[in-house]
Amino acid sequence: AYERRFPTCPLIPMFVASDTVNEYKSEDEAIHVIERRCKLDIDAPRLLKKIAGVDYVYFVQKNSLNRRERTLHIEAYNETFSNRVIINEHCCYTVHPDNEDWTCFEQSASLDIKSFFGFESTVEKIAMKQYTSNIKKGKEIIEYYLKQLEEEGITFVPRWTPPVACKLESGTSHTRRPVSPAINIPDSATKEGLNNKEILNTSSSPSEPTAGTPDDKLDADYIKRYLGDLTPMQESCLIRLRQWLQETHKGKIPKDEHILRFLRARDFNIDKAREILCQSLTWRKQHQVDYILDTWNPPQVLQDYYAGGWHHHDKDGRPLYVLRLGQMDTKGLVRALGEEALLRYVLSINEEGLRRCEENTKVFGRPISSWTCLVDLEGLNMRHLWRPGVKALLRIIEVVEANYPETLGRLLILRAPRVFPVLWTLVSPFIDDNTRKKFLIYAGNDYQGPGGLLDYIDKEIIPDFLGGECMCEVPEGGLVPKSLYRTAEELENEDIKLWTETIYQSASVFKGAPHEVLIQIVDASSVITWDFDVCKGDIVFNIYHSKRAPQPPKKESLGAHSITSPGGNNVQLIDKVWQLGRDYSMVESPLICKEGESVQGSHVTRWPGFYILQWKFHSMPACATTNLPRVDDVLASLQVSSHKCKVMYYTEVIGSEDFRGSMTSLESSHSGFSQLSAATTSSSQSHSSSMISR
């Protein structure tokens with residue numbers, strides 16, 4: 001089939017003609033070497049051809065067929081401009097070492113541009129484009145000529161036999177040995193790039209003897225029972241990767257089902273699958289993940305407030321995991337436990353999922369290698385968009401994607417509120433494309449209609465909180481008591497890198513000495529986000545804008561500009577001579593925050609310039625009718641030992657180009673925020689959007 005593309009091939013328009021330069025055949029006809037000079041019409045700009053002074057490019061191709069070894073080697077190099085550009089290409093067809101019914105194909109090329117009239121970059125792009133095009137076209141051309149051969153009645157080529165064997169058999173009838181019929185190249189066999197290494201599948205003849213040992217091929221019943229449908233090429237990849245692990249890996253060898261997950265995640269590219277599998281095995285060993293279900297007990301806080309758990313199975317037999325994310329206090333869990341404990345808990349859930357897949361495979365008598373996750377977003381609000389919590393979520397997603405590929409069969413997201421697109425914009429870039437295709441998202445009560453939950457889960461096991469009749473034992477979540485929160489001092493004393501060490505900063509606020517943070521905005525419509533806890537005292541939170549930058553505080557000063565204390569820093573940026581309305585302006589209404597409150601919010605900027613976030617000591621106002629303080633104010637002031645407040649804060653700026661995809665979602669969330677948050681403010685004067693959620 002390959003030889004039929006010469007002397008010219010209508011399927012390759014740029015291949016104009018070819019002439020045979022040299023040809024050699026051995027006496028026993030086992031070796032056939034043919035060398036051709038090929039004329040190519042390269043798709044290049046006319047100006048470049050004119051400068052180079054050529055209309056066509058010539059390549060020399062040498063094909064070496066070894067019928068004894070059953071190999072075909074193809075070498076090609078450029079003759080034109082060989083003193084300026086060096087192109088070498090090598091292709092090889094061989095018989096698979098473990099199964100003679102399979103054909104291996106390997107292709108590689110190199111390009112070295114020494115000089116080309118100042119157009120080196122252009123030539124490189126043209127060469128890459130042409131090579132990539134040829135890679136894609138190769139499969140189509142082979143299939144075209146195979147079909148042509150079949151139409152002519154040629155379905156096999158007799159294998160070569162030595163002439164001596166023929167003489168020994170003289171006088172007796174010689175039966176021609178049947179061989180593998182025409183090659184059938186699967187879709188996944190051709191990959192784009194400069195290195196192309198795949199196993200091509202040949203259909204087997206029932207009368208053909210089976211080659212190799214029993215280990216060369218997997219038992220058909222075993223595949224059907226535990227692995228599912230596999231093509232011969234996929235089966236070969238699994239065998240080769242498992243064999244490589246047995247020869248090189250000293251630790252525990254994963255089961256075939258798990259190896260297959262990594263192969264599927266990389267479209268059965270053995271090199272890529274081997275790389276991520278080795279990284280995962282090293283990671284499992286370092287963190288003792290294989291023993292996590294037997295040795296690690298989740299803290300009681302997780303058992304009480306993590307609103308997730310296993311719940312029967314879906315219609316396909318996959319284990320079903322239910323997560324009531326909208327009812328879960330993600331911020332409280334991170335504040336009480338830290339990121340590491342949450343990650344370890346998620347890992348234990350995934351390990352339990354693998355175990356349940358094995359059990360369901362035995363119960364249902366068919367391979368089940370993934371689970372279904374049902375996520376209920378009823379109650380999702382801005383508290384769930386707490387940036388450190390989202391960062392913890394992104395890290396968890398990254399770890400799970402790397403070490404548990406192809407374990408999520410389907411993700412059902414129910415009752416998605418208006419704020420969901422904001423969270424999705426933040427999270428979706430970190431989720432693999434193949435995984436994203438498994439997501440089904442339902443807003444409101446859409447899950448109850450056609451194409452909804454009943455298409456995937458039996459009516460008898462739909463949880464009660466979704467209108468079903470089955471009692472679901474998943475914890476209801478709720479707010480984590482602040483008494484369980486870890487203090488900054490506790491976190492600082494622990495030798496564990498939690499979110500507070502890298503994200504949060506602490507600051508002291510004194511009477512007459514607010515703490516201020518400067519944020520420079522270059523692009524209008526950027527989004528300033530903040531999150532802070534009032535650890536001590538009451539404060540007033542303000543946001544200001546100025547066209548000019550304030551003078552930086554002097555580090556050596558302990559006076560009006562910069563104060564450093566054991567409890568945190570104090571920085572003042574607004575100069576005493578600045579006047580509100582002239583030198584700077586207020587872009588948000590002041591927000592009074594009480595001791596113990598947690599505040600998150602965002603502000604969409606309208607102008608570039610300098611924005612100042614300010615935390616100011618809140619003085620108790622006197623009664624409106626008398627100059628005497630109120631009783632409540634006196635009692636509150638007695639609880640504050642000095643004129644000092646303390647805050648822990650985190651700020652971040654999201655560029656307009658990154659946030660534009662969810663900007664409308666952010667602004668449209670205002671209407672539903674009255675019941676979701678304690679305070680929602682919007683500055684109509686600046687036409688900017690701001691949301692604050694306690």
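Student: What share of the residues in the chain is buried?

Tutor: A residue counts as buried under 20% relative accessible area, as exposed over 50%, and as partly exposed in between, with a 1.4 Å probe and protein chains only. Of the 694 residues in this chain, 47% are buried. The model is a predicted one, in which local features need pLDDT of at least 70 and side-chain atom pairs count only at pLDDT 80 or more, while totals for chains, interfaces and linings use all residues. Residues are numbered from 1 along each chain as its sequence is written, and side-chain values use heavy atoms, with hydrogens and water left out.

Student: What pLDDT does the chain average?

Tutor: pLDDT is the predictor's confidence in each residue, from 0 to 100. The average here is 76, and 76% of the residues score at least 70. Residues 494–502 have a pLDDT below 50, and this stretch has 19 contacts in the model beyond near neighbours in sequence. Residues 634–641 also stay under 50, with three contacts beyond four places in sequence. Contact means heavy atoms within 4.5 Å.

Student: How many helices and strands does the chain have?

Tutor: Helices (H or I, at least four residues) and strands (E, at least two) are DSSP runs, numbered from the N terminus. The chain has 19 helices and 25 strands. As for contacts with a separation of 6 or more, 72% of them join residues 24 or more positions apart.

Student: At what angle do the axes of α6 and α7 cross?

Tutor: Axes are lines fitted to C-alpha atoms, for helices over the stretch in contact, and angles run from 0 to 180 degrees between N-to-C directions. Angles under 35 degrees count as roughly parallel, over 145 as roughly antiparallel, 65 to 115 as roughly perpendicular and the rest as oblique. Helix α6 (residues 256–265) and helix α7 (residues 270–286) have axes that come within 8 Å and cross at roughly 125°. The two helices are therefore oblique to each other.

Student: Is the crossing of α6 and α7 left-handed or right-handed?

Tutor: A crossing is left-handed if the near helix is turned anticlockwise from the far one by less than a right angle, and right-handed if clockwise. The crossing of α6 and α7 is right-handed. On the α6 side, I259, F262 and L263 take part, meeting I270, A273, I276, L277 and S280 of α7. For the classes, Ala, Val, Leu, Ile, Met, Phe, Trp, Tyr, Cys and Pro count as nonpolar, Asp, Glu, Lys and Arg as charged, and the others, Gly among them, as polar. The contact of α6 with α7 has seven nonpolar residues, one polar and no charged residues.

Student: Which residues of α5 and α7 make their contact?

Tutor: The axes of helix α5 (residues 232–248) and α7 come within 11 Å and cross at roughly 40°, and the pair is therefore oblique. This crossing is right-handed. C237, R240, L241, W244 and L245 of α5 make the contact with I270, A273, R274, L277, C278 and L281 of α7. By class, nine of these residues are nonpolar, none is polar and two are charged.

Student: How many residues of α6 are buried?

Tutor: Eight of its 10 residues are buried, so α6 is largely enclosed by the rest of the structure. Those eight are D256, H258, I259, L260, R261, F262, L263 and A265. R264, also in α6, is partly exposed at a relative accessible area of 28%. Leaving aside neighbours within four places in sequence, R264 is in contact with L227, D229, L230, S369 and E406.

Student: Is S280 buried or exposed?

Tutor: S280 in helix α7 is buried, at 1% relative accessibility. Apart from residues up to four places away in sequence, S280 touches F262, A402 and N403.

Student: Where is Q288 found?

Tutor: Q288 is in the loop between α7 and α8 (292–295). Although not a glycine, Q288 has a positive phi of about 55°. Its relative accessibility is 44%, so Q288 counts as partly exposed.
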